Amino acid sequence: MTLASWKQVEAEAKRIAGMRLQDLAARENVAEFVWAAPHLEADVAKQPIDAGAMSAMEAVADERGLTGKIKSLFAGEIVNASENRPALHWALRGGGKGIPAAEAMAREAEKAAAFAKKAVGGGLGFELKTILHVGIGGSDLGPRLIWDALRDYDSKGPEIRFTANVDPEDFREATSGIDPKTTLVIVVSKSFKTPETASNAKLAREWLVKHLGEKEANNHLAAVSSAPDKAKAWGAAEDRIFPMDEAVGGRYSVWSSVGLSLQIALGADRWGRFLKGGGEMDAHFRDTPLKQNAPARLAMMDVFLHSALGIPTRTVLAYAHRLRKLPDFLQQLEMESNGKSAADSAGGLIGATAPVVWGSVGTLGQHSFHQLLHQGMRQSAIEFVAALDAGAGDKARGRELLANAFAQAEGLLAGRSAKEAEAQLTAQGKTGDAAKEQARHMNMEGGRGSTTVLLEDLSPESVGALIAMYEHRTFAAGVLWGINPFDQWGVERGKVLAEELDKAIAGSDAGKRDPSTLRLVERARGRFRS
Ligand code: F6P
């Protein structure tokens, strides 16, 4: 471990770990811990950080050259060393002029937009009622999140069904009740070699051919990939293949043709506003000094909480029904980006990297796992995400939703001592040992930190800005951790083993493996030997 600036961070962490968060959070300068950005603000005043901790993290950012790395990102330079690529997802939001690859992406985006317009206008030769989006991981989680976040429940336009899992029940459910005659299947796969997507694409084609015949089936198919040749070989018509650039990572790709189903179903206006919001966050991240740069400061805080204070997990609680897929999306974005242990920059690693990210939608989590967040013995860095137009016009319920988010954050921080609980019980007429004993179980130590990310509203611009904020925060945290946030070599081994075990269960020689795996193969052979 050679990052000189990390020593001071460890000293700050030791100091803060010795303080009561309730005292630290009783700040006079709360505003200093509210980091604003386009369409949102992040209130981190209830987190175990202060000016000392942040200035120590700024020194780490300087030593890691974060400002320079941000410049490299937006200059289209190689920021993904192990794959020798730039990362150009941001260029899909209107930036990247002068960068040839970005200009090519803009041309591809026009082609996709023209197709989207044609599709909703009946230009495909059939009335479009449903889009079956076939993809997994980054080719699925972003589109699902944004469809839920921005769809118009009263729209007469096409709806989107998603299928991702190799479990054929997923495909059956996704196609239940829809008519192939009015369905467009979009197969989305950056590599066009992901087994689950290949399997569902095959099911989708068979489903179309069975009901429409070979020729018409092709008219109900489109493909999105950075391997257009593979899509063509699979049988997608050339004018139905929408390329995406290799320099756009799967988990950063919703802005590309991967979002074609969204462009069609949400319409050009909402799609354009979504991109615009993301572009505004890009400008903030690119042009704002680190001291006022919200995604960069959130990344500094994340590294402090998880690597200096050692908080093992991060709990994302989306207090908006429309953002219910946010925790799933962030699991891939943050854990596939920063779940790494190979150093990628001078100075090496500074300690444990990405936390385990998990979460749910508020207020559902309150009636499920919040018990542990309040009284359990495991710490987590909690993040509430809410919007000021909560309730979508129903003021009373919107107010109630926000009140719950704020109340959970307040309760986690303040806690409630056994003494306070006993007083409450006494006031309710319970006295003596019974009150004391129950109060013992009602003790809540508090001092549990949280961030509240507050969106101006749930407009397409705000949702775009939110997702772009998380992307930039993840990138900045990767730089601070000294790892490469854009590759994902760790996912390949499982795919190879799955292919081998598929053959083994079907009856071929299983080869040399651990006894448990051999036993499991044997167990399944009874049912699946071909
Ligand atoms: O296996 C992980 C992964 O490669 C992700 O990085 C990616 O988003 C997902 O699988 C799907 O990949 P593709 O879009 O190439 O089908």
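Predicted model: local features only at pLDDT ≥ 70, side-chain atom pairs only at ≥ 80, totals over all residues.
Local features need pLDDT of at least 70, side-chain atom pairs count only at pLDDT 80 or more, and totals for chains, interfaces and linings use all residues. Residues are numbered from 1 along each chain as its sequence is written, and side-chain values use heavy atoms, with hydrogens and water left out.

**View 1. Overall fold of the protein.** The secondary structure comprises 21 helices and 11 strands; these are DSSP runs (helices H or I, at least four residues; strands E, at least two) numbered from the N terminus. Along the principal axes, the C-alpha atoms fill a box of roughly 80 × 60 × 55 Å.

**View 2. Helix α1, residues 6-17.** The 12 residues of α1 reach 16 Å from the first C-alpha to the last, close to the 16 Å expected at 1.5 Å a residue (1.5 Å times one less than the number of residues). Buried in α1 are W6, V9, E12, A13 and I16 (under 20% relative accessible area, 1.4 Å probe, protein chains only). Seen down the helix axis, these buried residues fall within an arc of 115°, so they line one face of α1 (the arc is that of directions from the axis to the C-beta atoms). K7 and K14, on the other side, are exposed (over 50%).

**View 3. Cover of α1.** The buried residues of α1 are covered by elements including α2 (21-24), α3 (51-64) and α13 (294-308) (contact means heavy atoms within 4.5 Å).
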